[in-house]
Amino acid sequence: MTPRIALCTRELHPFIGGGIAPIVHALSGVLSKGADVTLITTAAHRERYEELLAEGPVFAPGVRVVFVQEPPPERGYYYSWLQGWSHRLYAGLVEAFPDGGPDLVEFPDYLAEGFVTVQARRTGDPRLRNTTVAVRLHTTTEIVSVLNGHQGQELETQAIYEMERHCLANADRLLWPGGDVLATYERYYGEHTLAPAVEIPDAFLIQREHPAPEVVGEGPLKLLYLGRMERRKGVHNLVRAMASLAHDDWRLTLLGGDTPTGPLGTSMRSNLAMMTAADERFDLHEPVPREEVGRMIVAHDAVVVPSLWECWPNVAREALLHDRPLLATPVGGLVAFVRPGESGWLARDTGVGALCDLLEPLVSEPEQVRELARSGGPSRLLARLTDPAMILGRYLDAIGIASAARPRRRTRTPLVSVVIPYYQLDAFVSETLASVAAQTYTNLETIVVNDGSLRVQDAFLEPLPVRLVTQRNRGLGAARNLGVAAARGRFVLPLDADDLLEPDFVESCVRALVADDDIAYVGTWSRFVDEDGRQIEGADPGYAPLGNWSRLADVQNVAGSASALLRRYLFDVGFAYSPELTSYEDWLFYLQLRDAGHVGAIIPRSLLKYRIRRSSMLRSTGTDNLERLRGEVLAHLAEGGMQWTSQSA
């Protein structure tokens, strides 16, 4: 049976120019030789696609294109617009494969486009039961930000960093192209924080007939910098190094678009213009159309790639395609692209001094550079690195290995204890209990904790086998703890007495906990409803948490709703809800779990209806006192992590 592969991203050539876009386009063509390939991308590209299609084929024969509508520009209940986009991508994937599948779906790591799909896979979504979710290393937004000298501190940017980290840790497979790329990720993110990795080089898109690689025969060494004027590309270091050389018989062309990565976010191009002013050896060239790039390359002796770090740069492969040697820094994929005596020269590191030491002997004896170009070594190396048959074979091997290693689905049905604290919520608790009774998962017990209500309606206890336990009014945290102590289930579900479960809430959460022993709890997304149970519309219609693994949990409660399915043993070993906090006791609880190494997962579906009442805590306490409550949560966390009593008393 022909394997099915889906490639999901907004970054797709010919609608977007460089970077990831041509790699995905090329990969679709390579894989179509041995698999059914589906491209899933933004509907913003549809009009241009139809225009190009009228002129001829856009992608390789047999490649299917699926367009997905983007979410509105407002974040809504997502922590980042890109979280919403990853949700739309996942919905598009499920719709494109209604019978289940595909065998493999691939997302880029950049901007965490696979975040919701990875969440769904981690929590056992049956629609992905036979799918390997792969994330390809291209360079994360977080790494780009670090190398460009500024990490944004706003919530949305930090959320993107966190979603990228989650994808890297929880994908079924990471796909890395070679060189020092994976080792760099291990050094940056931590060796034991990454998913299993498979080495498969990126495909390379040859977009046109390239000009004959005629070698410039005489005169000063002509070097070309090709790429964005960007700090992480090391172009500023290159200019400083060239200006410091003892030999001045050389020419350097700087070709590429501008970026605001100069000091204090200024134009890098403007900074370079000031650095090279009145020096005729520098040519700060205006950007050229893509079809002119090849001609620019062959008009020079070599291409310089002085990057602080690069993954698998297209510009380096363009240089090799045209048989031009690379003069590069020893980072990422450049370690694989530059083979001494075959395709170029590597500096000892990324600094200005190392670039000077690399360039000085080559500028003084340019013939050695031209001789390497005449040898044809660069293009032969590129052919080996981007061999289509090799790339296709490795993908098919990866699918086969993943399929063989996929564990069988476990179908255990342990008892679940639903714990409902109750305090003067007569108007809503019957509806809450009805939502428990309507669950598709039936091995349940329900415990209602009367937290000091003056009266308890006996009527609402009739339809269900409900156990009632009572305490003097001590608050929500204490009521939950009492209910858990009375629970007999292997899993525990705290549920507020005015909230509602979708029918498959418990079944979905149990499936996730049974499938993965490393998950401490499972939560879901939620929708806000009013006192009459009607869905609340507007800019903030619900809650789409990330999980307690996220560093953002120290800033906001992104860990999840209190209504999550928890392993009972967590309470047996000493975890409990704080009886002191008047709100966000669940936030503190999740932070305590995280600090002890117990992380949860989130099902990216709205399976909980959270009722917003006029007198609810979210309105009367939480919203107005968020900073105060956050301070209380962090203080309790610090207090609990400290040994206060004397050991010698």
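**Close-up views of a predicted model**

**View 1. Thr38 stands opposite Arg64 in strand E3.** This pair comes from a predicted model, so please read each view with that in mind. Strand E2 covers residues 36-42, and five bridges join E2 to E3. The two strands run parallel. To get from E2 to E3, the chain passes through helix H2, residues 46-55. This β-α-β crossover is right-handed.

**View 2. Strand E3, residues 64-68, is largely enclosed by the rest of the structure.** Why is E3 described as largely enclosed? Because four of its five residues are buried, where buried means under 20% relative accessible area.

**View 3. Seven strands form an open sheet with parallel pairing.** Reading across the sheet, you will meet the strands in the order E3-E2-E1-E4-E5-E6-E7. Which strands are the edge strands? They are E3 and E7 (197-199), each of which pairs on one side only. On average, neighbouring strands of this sheet are turned by 25 degrees against each other, direction ignored.

**View 4. Helix H21 packs with helix H23 at an angle of about 35 degrees.** H21 spans residues 585-595 and H23 residues 626-640, and their axes lie 10 Å apart. The crossing of these two helices is right-handed. From H21, the residues in contact are Trp587, Leu588, Leu591, Gln592 and Asp595. Their partners in H23 are Arg630, Val633, Leu634, His636 and Leu637.

Technical notes
Residues numbered from 1 in each chain as written. Predicted model: local features only at pLDDT ≥ 70, side-chain atom pairs only at ≥ 80, totals over all residues. Heavy atoms only, no water. Buried < 20%, exposed > 50% of the residue type's maximum accessible area, 1.4 Å probe, protein only. Pairing = 2+ DSSP bridges. Right-handed = clockwise from strand over helix to strand, strands pointing away. Axes fitted to C-alpha atoms, helices over the stretch in contact; angles between N-to-C directions. Left-handed = near helix turned anticlockwise from the far one by under 90°. Contact = heavy atoms within 4.5 Å.
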